[in-house]
Amino acid sequence: MAELVIGIDLGTTNSVVASVHGGSPTVIPNRSGYRLTPSVVALARNGKRLVGALARRQAVTNAERTVVAVKRLMGRRFSSKSLQESLSRLPYTVVAGERDDPRIVLGEQHLSPAEVSAMILTELRLDAEAFFGEPVTKAVITVPAYFNDGQRAATKDAGRIAGLDVIRIINEPTAASLAYGFGKTALEKQIAIFDLGGGTFDFTVLHMFKGVFEVEATGGDTLLGGEDFDARIIDWLAEPFKEKHGIDLRTDKMALQRLRDASEKAKCELSLLKQVEINLPFISATPKSGALHLQSTLTRDQLEKLTGDLIERCLGVCAQVMADAKVQAPQLGDILLVGGQTRMPKIQDAVKTLFAREPSKGVNPDEAVALGAAIQGSMLLHEESDMLLLDVTPHSLGITIAGGFFQKIISKNTTVPTSAHHVFTTVKDDQVSAKITVVQGEDEVAAKNELLGEFMLTGLRKAPRGAVDIDVIFDISADGIVSVSAIDVQTGVRQSITVTASSGLTEDEIKSAAKSNEDWMLGQKEDPDFQDRKAKAEELFREFEALWPRLTRAAQNGLGQEPLQRAQAALSVARLQVAQKESEGLAGSIDRLERMLGALKGAVERGLGQEGR
Amino acid sequence: MSAAARSAGGGIDLPADIQRELRDLESRGDALSYYRLLGLTADVDSPSIRRAYLEQSKRFHPDAWYRRDLGEFGPLLTKWFQRMAAAYEVLSDEETRSAYDREHLSELSETDRLAVEQRALSRAEQDRREVERRARLLRTKGFARVGAARSLYEQSLTFALNGERMHAIGALKAARELDPNRKEISARLVELEREQAKARAASALLSGREREVQQNWAGAQSAYVNAFQLDARNASAALGAARSASAAGDAQTAATWAARAVEIQPDDIGSRLLLAKLLAAQALKTRARAELKIILDKVPDHKEARALLKGL
């Protein structure tokens, strides 16, 4: 059987896991039976880690210890403007770490965003393992196309902490296009993907030809998503309340969480209804007037007015990307809408007007990304696949040169993997080191772009100035992750490079986080009954083993292979449950195995005959 | 096992034909034109270039052989895929492709040279027909003019899609004449013309660099000047022109160009230092001193500038 690989859409609000199963991509339901898992992590009052719907459900009463929208913090510097803006809307506490990296305060712990994301990934991994009854270690994880190097690296780190071998990081809109194009390899078509998720917006133009998916241009905004639409409603509710009662509900963490839930609910309902009631009793209180309630009616028109500029921002990005791809709106063969926020009628209208056509109904906006990630995983690992993805780097990569200018080394929208060289010459006699500042972005002034890191070229050969040329090689992998290496041109000696400014986790930090996550996974499953069940299961394994030679004979004498295969499958599920200490699941397996054993014994006794049930 | 035995195919999980092609590319790939690299002749149209590149990608993109044991072929696959992608990047745009054809005409094989000339001829013929058709449409009278403008506009979109920017611009100009009030026509025209100037400037800059490396100073200078005329905010073009003029011994012209580079990028120390040196070479001491002082204001411990200032 082909190696298992899962695709994970690690969203700002919700996450989805999928796999290519029996030749077709399928969403894997979580252990509660739902296809979407909220991207929420909480530390319950009893100290237990909660993830998904459980965490979300208790968010109102435990707002300070509930982490939402962690994706907005991934790979960002604590001091960056974008991070500070996000923080003002989050109910939990974030402090600065040693390297200007954000750390989330959760009880006693100060966790990196990657560690919190790893908890969500672990949950999805356990869901997939429960679904397949086998360990799952390989995964493709999606990120917004517009994510920069630091954000991608942080996502990859999160995967490693969750014990996953992240075989590829791919872009969400590209993943959606794979889901759209799966099984349509004969098609040649130019399509666009309009992806407005919970936290980010991406627009991508892509060309499909005989199973090759060539991304032509991509662009976006990592701080524009459904949550910004919610924020507009929150402000619309909170402002008049503040005027009337002098209380800003947004500074009360519990009230803010209730406002957030109510706003999101109202927004979703307004996709179907023309107006909704928002009712939040006992939202606050004053000594003078006692309990205060909030009651309001929001109409669809009102919501459209509140969020009109956000939609305009999306359309601006679309225009830029189409110019980069040298394409005009009417030429596109199909428009895919991805991300829950694209359900808003006003957005569908805006897209329809801009492209002069109905958007495609071919993909499910919530699930397409995870399905595409699963397809990419199967494309990479399984030989029978006839599809290939040619993706591009969303940002130009370059270095800071004299005067603080940005010198471009790799242009945006270059197909990855790619590499480029840049030769540095020493400017002083006997110069032994040089600093290279690597940035990503489009502005001519380096400081206005995103700083990826500072690298020190050390141990240079002592020589008169200008006599040492160092060839610095910049590589962008198919994951979109940058690496830098350097060679002395005259001597061919590889130069050492040290990263001196990066907000990412160190190798040791990742390893220790991965270890504690694994310990948690094991500890979590220990059940008082587990040892008894394990002993019982092992006894059953031995009995099956003893009976097996007689069973194979019976199979040839008319019993058939099917009951044996079924027993084998049940046995491997039970073995996995023992290994992973899944006590409850194991109890079910024991019942099943006992019944099978009884029936098979009977069949063997009779020489051959009825198969076991 | 020795490297030679392994390269004979033992244990390497890559089809023999791709192994053979990679070895072939390693030995003579550097001499191949962009067309040959993509397995094309020089007379192909734009859609065929794209298809050829995508077909080659299916075989040479490292993902097609993900996590296989490729031995020494692994790095080669990446290297040659990247070369093909770079070739496609140049050939997929009409402007950069014609520039490539002009620059490399002497390196192309006899058949390819003929093909390029053939293509130029047939394009001239196509151009002529286009111009005729537009002239005919321009004679349209009354309300039909709006319809004719629309059909020209739509045609320009198709041209632009196929990378035929010049035709697209021609069609748009005619469309604008027929229907001057349609905003999208003029907007698209401005956009395309800007794109064209930029692409031309980039390709001129590239050929300037190439000639500079070959120490063809006059050629480099004219290419850089050309790039600057197309994109007057391009400091690299001005600086390149200054460098090549200076190398050719024309300090006066070089100084003019260096001054332009400094004007565009006042904070760039390198351009200013070059300007100071060129002024000093012409015995324009006061101006040279002024430039050096500005450098020292910005970088007080700039040794070279200090030494030069002392010498003056």
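**Figure 1. Helices α5 and α10 of chain A pack against each other.** In this predicted model, helix α5 (residues 172-181) of chain A and helix α10 (residues 368-381) of chain A pack at an angle of about 80 degrees, their axes lying 7 Å apart. Here helices are DSSP runs of H or I with at least four residues and strands are runs of E with at least two, numbered from the N terminus; axes are lines fitted to C-alpha atoms, for helices over the stretch in contact, and angles run from 0 to 180 degrees between N-to-C directions. α5(A) and α10(A) are therefore roughly perpendicular to each other (65 to 115 degrees counts as roughly perpendicular, under 35 as roughly parallel, over 145 as roughly antiparallel and the rest as oblique). From α5(A), A:Glu172, A:Ala175, A:Ala176, A:Ser177, A:Leu178, A:Ala179 and A:Tyr180 meet A:Ala368, A:Val369, A:Leu371, A:Gly372, A:Ala373, A:Ile375 and A:Gln376 of α10(A), where contact needs C-beta atoms, placed from the backbone, within 7 Å. Sorted by class, this contact has 10 nonpolar, 3 polar and 1 charged residues (Ala, Val, Leu, Ile, Met, Phe, Trp, Tyr, Cys and Pro count as nonpolar, Asp, Glu, Lys and Arg as charged, and the others, Gly among them, as polar).

A note for reading all the views: residues are numbered from 1 along each chain as its sequence is written, while chains are lettered from A and ligands numbered from 1 in the order in which they are written. Because the model is predicted, local features need pLDDT of at least 70 and side-chain atom pairs count only at pLDDT 80 or more, whereas totals for chains, interfaces and linings use all residues.

**Figure 2. An open sheet of 5 strands in chain A.** Follow the strand order β18-β13-β14-β15-β19 and you will find mixed pairing; two strands pair if DSSP finds at least two bridges between them. β18 (334-338) and β19 (388-390) of chain A are at the edges with a single partner strand each, so one side of each has no neighbour in the sheet. From one strand to the next, the twist averages 25 degrees. Within the sheet, strand β14 (residues 201-209) of chain A and β15(A) are antiparallel partners over 9 bridges, and A:Leu206 stands opposite A:Val215 in β15(A).

**Figure 3. The contact between chain B and chain A.** Chain B brings 22 residues to this contact and chain A brings 24 residues. On the chain B side, the elements giving two or more residues are α4 (46-60), α5 (73-91), α8 (144-161) and α14 (269-281). α4(B) gives the most, with 4 residues. This side of chain B divides into 9 nonpolar, 6 polar and 7 charged residues.

**Figure 4. Where domain 1 of chain A touches domain 3 of chain A.** The assignment for chain A gives domain 1 (6-224 + 310-390), domain 2 (226-307), domain 3 (397-492) and domain 4 (526-605), with bounds that come from an automatic or database domain assignment. The C-alpha centres of domains 1 and 3 of chain A lie 31 Å apart, and 12 residues of domain 1 are in contact with 10 residues of domain 3. On the domain 1 side, α4 (149-161), β12 (165-171) and β15 (212-221) of chain A each give two or more residues. α4(A) gives the most to that side, with 5 residues. By class, the domain 1 side has 4 nonpolar, 3 polar and 5 charged residues.

**Figure 5. A hairpin of β25 and β26 in chain A.** Strand β25 (residues 469-476) and strand β26 (residues 482-488) of chain A pair in the antiparallel sense over 7 bridges. A:Ile470 has A:Asp488 in β26(A) as its bridge partner. The hairpin has 5 residues between its strands, and A:Gly480 takes a positive phi near 85 degrees.

**Figure 6. Helices α11 and α12 of chain B side by side.** Helix α11 (residues 217-230) and helix α12 (residues 235-247) of chain B pack at about 160 degrees, with 8 Å between their axes. That angle makes α11(B) roughly antiparallel to α12(B). The contact of α11(B) with α12(B) has 11 nonpolar, 3 polar and no charged residues.

Terms used: Contact = placed C-beta atoms within 7 Å.
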